[in-house]
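Here are my notes on the model, as numbered points. Please keep the structure open while you read.

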Amino acid sequence: MSPMPTKATMQVPLLDLKAQYAEIKVDVDAAVKSVMESCHFIGGPEVKALEEEVARYSQTAHAVACASGTDALLLAMWALGIGPGDEVVTSAYSFFASAGTIANNGATPVFVDVDPRTYNIDPHRLEAAITPRTKAVVAVSLYGQCCDLPAIQAICDKHRIWLIEDAAQSIGSEWEGKRSGSMTDFGTFSFFPSKNLGGAGDGGMIVTQNAEYAERARLLCNHGAKPKYYHSLIGTNSRLDALQAAILRIKLRHLDRWSEKRAKNAALYNQLFEGSRVGRPYHEPRTRHIYNQYIIRVPDRDGLKTHLGEKGIGVEVYYPVPLHLQKCFASLGHKPGDMPHSEAAAKETLALPIYPELTEDQIRYVASSVREFVDV
Ligand SMILES: Cc1ncc(COP(=O)(O)O)c(C=O)c1O
């Protein structure tokens, strides 16, 4: 290997949305201008077109735009009638919304440990968590890789419970050629700016193959009104702005190329970490991995994080506390040791920059900076 740099000789942010904007500025600016001139800010043709395009992209029959990935989860469970007295099983290791939305629907989250290789819910542990009160499973496809949905679906079918895929991080991922969001009762996407398909603000979408479920979700997003001012259900206001939809439609055209570039960046990191003590992400061979995150694993994660910060490299810990140990879920009675794989992941994992606009030099700099700390 070439001599290791010792000082910050380069700046590498965790994400560079300015670089992305520079690439698509002409089209994004024109789309924004067109919405401003139309003054059609809520609903309308841009939102409808985005719904159709995301449905096609995710191989689903129906898509309903909403205000965020959190709302997409909340509304999917709401549409299925999940509420007080019900249990919903989910991963112990995810972004908070996967579990928070279960509780916000009045149901009880029941946590299951993850597979230590993929960080996705372990189907082998799932069945033991199902009780007569279980109504659904929220399976999170974390970091850009589908969880084992066929195995999870088989368990859900056996127990006659619903399956929702939290696909906030996995739009475009596939399990044996089937797209994330298309294999379950509901799939939910987030358009938070750091996602592979990220807006210029918050946004989300609910996808489903079931027309009835889609109709219920659509009603709930809009105060249960159809027609306007006639309310068959009590819903809420969770809509996607036309400005967001117009921007997302431009970005959707680039999504596959961007996700491929992320995968290429991951392949280069993998090569640069060969023979090192750095734990590389596991790519489950049945999936298309879209690398929303590139997650490495090292024993002294916090030391490495500090070291990389000093080298001008943006990194992040996704997530420092597993869900079963969050203070707000203390009443569930969990203690350290209950979910060993989730707890170890929370201590040892670190996300490196993986965004599509990274240069090879930047990737080499990040990898050598990691190795100079880990492989001493
Ligand atoms: C796994 C997961 N679920 C749900 C969400 C919630 O999405 P949003 O931030 O759009 O509400 C996120 C967003 O970070 C996520 O990563």
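1. Start with a loop residue. Arginine 160 lies in the loop between helix H6 (149-159) and strand E5 (162-166). Helices (H or I, at least four residues) and strands (E, at least two) are DSSP runs, numbered from the N terminus. Phi of arginine 160 is near 55°, a positive value in a residue other than glycine. Arginine 160 counts as exposed because its relative accessibility is 77%. The classes are: buried under 20% relative accessible area, exposed over 50%, partly exposed in between (1.4 Å probe, protein chains only).

2. A word on the source. This is a predicted model, in which local features need pLDDT of at least 70 and side-chain atom pairs count only at pLDDT 80 or more, while totals for chains, interfaces and linings use all residues. Residues are numbered from 1 along each chain as its sequence is written, and side-chain values use heavy atoms, with hydrogens and water left out.

3. Another positive phi. Tyrosine 291 has phi near 45°, again a positive value in a residue other than glycine. Its place is the loop between strand E10 (287-288) and strand E11 (294-297). Is tyrosine 291 buried or exposed? Tyrosine 291 counts as buried, because its relative accessibility is 4%.

4. Check the cis peptide bonds. The bond from lysine 226 to proline 227 is cis, with omega near -10°. Proline 227 sits in the loop between helix H7 (211-221) and H8. The bond from tyrosine 318 to tyrosine 319 is also cis, with omega near 20°. Tyrosine 319 belongs to the loop between helix H10 (301-310) and helix H11 (340-348).

5. Tyrosine 319 comes back in the aromatic rings. Ring pairs link Tyr93, Phe95, Tyr119, Tyr143, Tyr318 and Tyr319 into a cluster. Rings of Phe, Tyr and Trp (its six-membered ring) pair if their centres lie within 6.5 Å. The count comes to eleven aromatic pairs by this rule.

6. Two arginines sit over tyrosine rings. The charged end of arginine 117 is over the ring of tyrosine 282, 4.3 Å from its centre. Arginine 179 lies over the face of tyrosine 57, at 4.4 Å from the ring centre. The rule asks for NZ of Lys or CZ of Arg within 6 Å of the ring centre and within 35 degrees of the ring normal.

7. Tyr57 is also part of a helix packing. Helix H2 (residues 45-57) and helix H8 (residues 242-252) have axes that come within 8 Å and cross at roughly 35°. Axes are lines fitted to C-alpha atoms, for helices over the stretch in contact, and angles run from 0 to 180 degrees between N-to-C directions. The crossing of H2 and H8 is left-handed (the near helix is turned anticlockwise from the far one by less than a right angle; clockwise is right-handed). On the H2 side, the residues include Leu50, Val54 and Tyr57; on the H8 side, they include Ala245, Leu248 and Leu252. Contact means heavy atoms within 4.5 Å. By class, this contact has ten nonpolar, no polar and three charged residues. Ala, Val, Leu, Ile, Met, Phe, Trp, Tyr, Cys and Pro count as nonpolar, Asp, Glu, Lys and Arg as charged, and the others, Gly among them, as polar.

8. Now compare H9 with H12. Helix H9 (residues 255-272) and helix H12 (residues 360-374) pack at about 35°, with their axes 10 Å apart. The crossing of H9 and H12 is right-handed. Asn265, Leu268, Tyr269 and Leu272 of H9 make the contact with H12 residues including Ile363, Val366 and Arg371. The classes here are six nonpolar, one polar and three charged.

9. Which residues does glutamine 244 touch? Not counting residues up to four places away in sequence, they are Gly199, Ala200, Gly201 and Asp202. Glutamine 244 is in helix H8 and counts as buried, because its relative accessibility is 10%.

10. Glutamate 87 is found in strand E2 (residues 87-91) and is buried, with a relative accessible area of 12%. Its contacts beyond four places in sequence include Arg133 and Lys135. Threonine 188 is in strand E8 (residues 186-190) and counts as buried at 0% relative accessibility. Leaving aside neighbours within four places in sequence, threonine 188 is in contact with residues including Leu73, Ile164 and Met205.

Notes
Rings of Phe, Tyr and Trp (its six-membered ring) pair if their centres lie within 6.5 Å; planes under 30 degrees apart count as stacked, over 60 as edge-to-face and the rest as tilted.
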